[in-house]
Amino acid sequence: MPGGGQPTGDQSDPALASARTPASAGSDAPAGDQSTPVAGKKKKSFGRELLTIVVAAAVLTLLVKAFVVQVYRIPSASMENTLQIGDRVLVNKLVYHFRGIARGDIVVFSGQDSWGPDAPPPSSDPVVRVFDDVIADIGLHSSQTYYIKRVIGLPGDKVACCTDGKVTVNGVPLSESSYVYPGETPSFPFKAVTVPAGDLWVMGDHRGDSDDSRYHLGYPGNGAIPENEVVGRAFLIIWPPSQFTDLPIPSTFNQAALHAGAAGAPVLQVGGAAVTAGQVALSAVAAFPVAGTAGAAGIISAPVLLARRRRRRRRDGSSAAPRS
């Protein structure tokens, strides 16, 4: 160099720049710059965990809807005044795996192979067929028509009207004033019908406006509907709030004489106490729609995630502390 001066260290020299970069990174870089990527990773991890919980809650809710309970909307006046048009009811899909269908139960059932209309045949495309089956199983769509009525007769029962103006089951008159539409007669007269094996005789509570078993005598089952087409038991009105109430079996179906003449075929009969307790739990689980359950799960789990995040931050901070 002229005059014996020191090198200027021109930063445009690649060799000098690369040689000085490690030193400057180790001694001059602010400490905050090192933590930025870690903070970003923590935020992403927290977001992924929260999203996972929300998605899992949504999937769980769909499974509950498919196999445990489902909300149905009342479309007609056939069950007034017990159920009003527009009411939403919870239907327990699991209960009949633990006890038999009982007289007085309000059930939702498909018109398939009975009152119709029958669902169209499945698609010839296997992919479309599988997709249709999946969305039908989780209750998002169905090509079948569903009805809601009250069970009056079990398999083998003899149902008739009228004796002293009352519907009779196995010769026992039913006192139906607590649920039949006010001011209506229990039914128009019809001859005794013996309910076929595997079927149910069902009627609406609004007897003057219910297209039920009485009007389907020429159909398969002679008006009765197949037990295996029953979706489940309606046990709770959840909407509107003014209608919120349970749907118990009316006392007239507890007559000792009625049960003494029973000829029904219960399905997996077990103790009723366990079923009753289970229905209370099911009503709590099913009271939330998918979005509500997922959102609630996210809110409930957020403090847990925040606590885990703080623990990680403290652990990362201690591991990053300078060593003596």
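This is a predicted model: local features need pLDDT of at least 70, side-chain atom pairs count only at pLDDT 80 or more; totals for chains, interfaces and linings use all residues.

I began with cysteine 162, which counts as partly exposed because its relative accessibility is 35%. For the record, buried means under 20% relative accessible area, exposed over 50%, and partly exposed in between, with a 1.4 Å probe and protein chains only. I then checked cysteine 161, and it counts as buried because its relative accessibility is 6%.

Residues are numbered from 1 along each chain as its sequence is written, and side-chain values use heavy atoms, with hydrogens and water left out.

Back to the cysteines. Cysteine 161 and cysteine 162 form a disulfide with their sulfur atoms 1.8 Å apart, the rule being a pair of cysteine sulfur atoms within 2.5 Å. I looked up the handedness too: the link is right-handed, with 75° about the S-S bond. The count by this rule is one disulfide.

Next, salt bridges. I searched for a side-chain nitrogen of Lys or Arg within 4 Å of a carboxyl oxygen of Asp or Glu, and the whole structure gave six.

Which residues does aspartate 105 meet in salt bridges? One partner is arginine 99, at 3.2 Å from N to O, and I found both of these residues buried. Another is arginine 233, at 3.0 Å from N to O. This second pair links distant parts of the chain, 128 residues apart: aspartate 105 sits in the loop between strand E2 (88-92) and strand E3 (106-110), and arginine 233 in strand E11 (residues 230-239). Strands here are DSSP runs of at least two residues, numbered from the N terminus. Arginine 233 is buried as well.

I also noted aspartate 212 with arginine 214, a salt bridge at 2.9 Å from N to O. Aspartate 212 is buried, at 0% relative accessibility, and arginine 214 is buried too, at 4%. Through shared partners, salt bridges join Arg99, Asp105 and Arg233 into one network.

Last stop, valine 180, in the loop between strand E7 (172-173) and strand E8 (190-194). Buried or exposed? Valine 180 is buried, since its relative accessible area is 10%. Leaving out residues up to four places away in sequence, valine 180 touches Thr185, Asp205 and Arg207, contact meaning heavy atoms within 4.5 Å. I also jotted down that valine 180 and histidine 206 are 26 residues apart in sequence and 6.0 Å apart in space, C-alpha to C-alpha.

Conventions:
Helices (H or I, at least four residues) and strands (E, at least two) are DSSP runs, numbered from the N terminus.
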